Amino acid sequence: MRTASAAGVRTGKVVHGTGRRIRRATSAEGAGESGLAKLIELHALNSFGDMLITVALASTIFFSVPTGEARGRVALYLLITMAPFALLAPVVGPLLDRLPHGRRAAMATSMLARAVLAWTMAGVISGGGLALYPEALGVLVASKAYGVVRSVVVPRLLPSRLSLVKANSRVTLAGLLATGVAAGVGGLLHLIGPGWPLRGAFLVFVIGTLLAFHLPHEVDSAKGEQRAVLHAEVHGEGSHLIQHKAPPVKASLRTVGPSVVLALRAMAAMKWLVGFLVFFLAFLLRSEPIGGLRPTVALGVVALAAGTGNALGSVLGSWLRTRGQEATVTVMLLLATLVTAAAALWYGVLTVVLVAGVAGMAASLGKLAQDALIQRDVPEAVRTSAFARSETLMQLSWVAGGGVGILLPLNGVLGLSIAAGVVGVMLLWTARSLLRLGLRRHPAAPRVA
């Protein structure tokens, strides 16, 4: 009894000490005073819960059925998800603009919706039938809606000692760390039963629902905000803020500024590549393992490389300069293109692992640079709208890449060659825009209404 009691005391001290260190890290450089620390902790919970659901769905949709049937199931899943993403683009941004005081409630609602859906899926996941898909779709939509809201909330909680790039990097790193821990926890829960990771996710999202309402009131403040007008014309250096209502025009993202458009184009290509690699390599390595590795080992190594690259990109983002983000995004796209082409030419274990890691790093670092450009070039009055639309574009690109990865034949050289060709074309387009832009320091401001 004494031994057990002493062990319990030691465990409690370790947990308490770990909690204090985590809180100290999230609250550093003014994040505790501004409220950013609370958002970091909420995002970690969000990532933890999403990963638990991913573990449960992967075991049912992907690993538990033959490869051919699994491809059909995942293809159906992606096709279903395209519709809500297409609706999110024109709906979520304007909705956030019109309901600026409900962001805490929106984040809490997305958490609560996933809690209910996770509990419901726990009862039907063992069968793996079509009834699972509408519920999984609801989880995905709620998760992406949270992502949009979270992106527009970060600038409101930005401490004076942190740049937006560093703040986003800290939030992303917390999510990545939570995802890694959740993968292990989800695997252990799955040993108990296929529904247990979902029950764990239910508990996580219930806690997240409560924490969302503990975010600072500044999250819901909309003082001075206006709605971005997405204009089809490219405005020159004389563009300026127009306070009167603009005439109806065809929507595009041009008026956020040419630098932001350049970053969006490059990041859409990188998100497409990441989505492609996730699904293409998942099925390819399952049916045709490389290097004599077992399918699960090969997939684990590639996933570890991608996660490491993602984390490395977030760490490097903390060291980004305040200028030159256009060049950073372009260089990341160049690096991803070169490594993908190399993997197609010399297909093997090393190159596949390398392309997974580099793609993860490029997408992570490029996203941080893109966010910095939105902060630099888009006035605060329209930043919410710009973030909402950019997040939706990134998710649509990821889904589109995943769809292509599922439809292609399971041939490593062919698939990676096509991927290199696609991102190569986007690289040329981005490089041309960069040369025309000339890295000008004072891009045109967007038009607002």
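**Figure 1. Surface and overall make-up of the chain.** The chain exposes about 20200 Å², an accessible area from the Shrake-Rupley method with a 1.4 Å probe, where for residues only the protein chains shown count as cover. Carbon and sulfur atoms supply 68% of this surface. The structure is a predicted model, in which local features need pLDDT of at least 70 and side-chain atom pairs count only at pLDDT 80 or more, while totals for chains, interfaces and linings use all residues. Residues are numbered from 1 along each chain as its sequence is written, and side-chain values use heavy atoms, with hydrogens and water left out. Of the 449 residues, 53% count as buried (under 20% relative accessible area; exposed is over 50% and partly exposed in between, with a 1.4 Å probe and protein chains only). The chain has 14 helices and zero strands; these are DSSP runs numbered from the N terminus (helices H or I, at least four residues; strands E, at least two). Among contacts (heavy atoms within 4.5 Å) between residues at least 6 apart in sequence, 86% join residues at least 24 apart.

**Figure 2. Confidence along the chain.** The pLDDT, the predictor's confidence in each residue from 0 to 100, averages 74 over the chain, and 68% of the residues score at least 70. Helix H1 (residues 2-26) has the lowest confidence, at a mean of 53, and helix H8 (residues 196-212) the highest, at 92. The pLDDT is below 50 over residues 226-254, a stretch with 66 contacts in the model beyond near neighbours in sequence. It also stays under 50 over residues 441-449, for which the model has 44 contacts beyond four places in sequence. Where pLDDT is low, the predicted coordinates should not be read in detail.

Figure 3. Leu203, Ile207 and Leu211 make a nonpolar surface patch of about 250 Å². Patches are made of residues with over 30% relative accessible area and no salt bridge, like charges being joined within 9 Å and nonpolar side chains (Val, Leu, Ile, Met, Phe, Trp, Tyr) within 5 Å. A salt bridge is a side-chain nitrogen of Lys or Arg within 4 Å of a carboxyl oxygen of Asp or Glu. Leu203 is found in helix H8 and counts as exposed because its relative accessibility is 52%.

Figure 4. His43 has its place in helix H3 (residues 36-62). With a relative accessibility of 9%, this histidine counts as buried.

**Figure 5. Helix H5 and its buried residues.** Helix H5 (residues 103-122) has 20 residues and reaches 29 Å from its first C-alpha to its last, close to the expected 28 Å; the expected span is 1.5 Å times one less than the number of residues. The buried residues of H5 include Arg103, Arg104, Met107, Arg114 and Met121.

**Figure 6. Leu316 in helix H10.** Leu316 lies in helix H10 (residues 295-317) and is partly exposed, with a relative accessible area of 27%. Leaving aside neighbours within four places in sequence, Leu316 contacts Met361 and Leu365.

**Figure 7. Leu414 in helix H14.** Helix H14 (residues 412-437) holds Leu414, which counts as partly exposed at 38% relative accessibility. Leu414 and Ala344 are 70 residues apart in sequence and, C-alpha to C-alpha, 7.3 Å apart in space.
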